[in-house]
Structures are given as C-alpha cells and as structure tokens.
Amino acid sequence: MGDTLPEVETPPIDRLRIAYMAVSMRDPNLVHVEDEVAARSGLRSVIAHGTFVVSYAGAAVSRAVGVDAVRVLKVDVTAPVFPGDVLRTRAVVTRSEPVEEGEMLTVDLSVTRHDGTEVGRGSASVLQQAVT
C-alpha cells in the first residue's frame, strides 16, 4: 500500500479534440463547442466533456497494471476542463485485500488541471493475480 502508479499527463486539451468528442458521442450540448452558450452558462469558454477526465484516470491505471486487471473504475468530475488545460492523473494504492485469484487492490485517483485544481477524483479496483 502507498505505492504510486506512474502519473499520466495529457497534451493540452484543444477545441478540435472537444469538437471530435461532441461528434463521436452525438452530444448536442453546445456548451462544448460554442463560447456564447458557455458564457450564458457562467463559464469562461467551452468546456471539455467529462469523458476526458474519466478516460485519463482510467489510462493511468490500465497503463500501469493492464486493462484486463481493472475490475471497477469510478470517477466523479469535480470541476470543468477548458481548452488549453493539461490534465495530470495521480494514482495511489490505498488498500489490498486477499481474494481467491490473488489480491484486489484499491487505487485512489485524482485528476488535476495544470493550475492545481482537482477536476476529478475516484477509485479503481484492480486484480493482482497470484503467481503460480
């Protein structure tokens, strides 16, 4: 416990990636692509989808342990992500429980913007298989 997985840092989230996400998700919410709509919602500009936060949190875990080991991923989006933001995910093993197949690890996750604002937090359950 207390082991830290390698941090994952994104390239700057740009408007083109946000627009691609809106199209791929068939998301008609214009807060993701039109500044005027975002401003009417009290935001300084368009915002990225929460899936950016969730996917990079998942990547931090799956890159370290392999996607097949991930059993549960729970991430809450806690603040908006704007164009130009760079996200950093920190993942720390906080618990270990023996299970029939090996050990079930709990990994706490925190995703922050480059200014230090936490934009996501959650946890993952990861199976560390017993060596036979």
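Predicted model: local features only at pLDDT ≥ 70, side-chain atom pairs only at ≥ 80, totals over all residues.
Colleague: Which element gives the largest share of the lining of the largest pocket?

Modeller: The largest pocket has a volume of about 190 Å³, and the residues that line this pocket include Met1, Asp3, Leu5, Val65 and Ala69. Two or more lining residues come from each of strand E3 (87–99), strand E4 (102–113) and strand E5 (118–129). The largest share, three residues, comes from E5.

Colleague: Which parts of the chain does the salt bridge between Glu7 and Arg88 tie together, and how many residues apart in sequence are they?

Modeller: Glu7 forms a salt bridge with Arg88, and their closest N and O atoms are 3.2 Å apart. Glu7 is partly exposed with a relative accessible area of 42%, and Arg88 counts as partly exposed at 38%. Glu7 and Arg88 are also linked with Glu9 in a network of salt bridges. Because Glu7 lies in strand E1 (residues 4–9) and Arg88 in strand E3, the pair ties together parts that are 81 residues apart in sequence.

Colleague: Are Arg113 and Asp85, whose side chains meet in a salt bridge, buried or exposed?

Modeller: The side chains of Arg113 and Asp85 meet at 3.9 Å, N to O, a value within the 4 Å that a salt bridge requires. Arg113 lies in strand E4 and Asp85 in the loop between strand E2 (70–77) and E3, so this pair ties together parts that are 28 residues apart in sequence. As for accessibility, buried means under 20% relative accessible area, and Arg113 and Asp85 are both buried.

Colleague: What is the relative accessibility of Glu118, which forms a salt bridge with Arg121?

Modeller: The closest N and O atoms of Arg121 and Glu118 are 2.7 Å apart. Arg121 is partly exposed, with a relative accessible area of 44%. Glu118 likewise counts as partly exposed, and its relative accessibility is 28%.

Colleague: Over the ring of which residue does the charged end of Arg44 sit?

Modeller: The structure holds zero aromatic pairs, yet a ring does take part in a contact with a charged side chain. The charged end of Arg44 sits 3.7 Å from the centre of that ring, and the ring belongs to Phe82.

Colleague: What value is phi of Arg26 near?

Modeller: Arg26 has its place in the loop between helix H1 (15–24) and helix H2 (35–40), and this residue is exposed, with a relative accessible area of 76%. Most residues other than glycine have a negative phi. In Arg26, a residue other than glycine, phi is positive, and its value is near 55°.

Key: Residues numbered from 1 in each chain as written. Heavy atoms only, no water. 1 Å grid on protein atoms, 1.4 Å probe; cavity = no way out; pocket = protein on both sides within 12 Å on 5 of 7 lines; lining within 4 Å. Points joined across faces, edges and corners; volume = space filled by probe spheres on them. Helix = DSSP H or I, 4+ residues; strand = E, 2+ residues; numbered from the N terminus. Phe/Tyr/Trp six-rings, centres within 6.5 Å; stacked < 30°, edge-to-face > 60°. Lys NZ or Arg CZ within 6 Å of the ring centre and 35° of its normal. Buried < 20%, exposed > 50% of the residue type's maximum accessible area, 1.4 Å probe, protein only.
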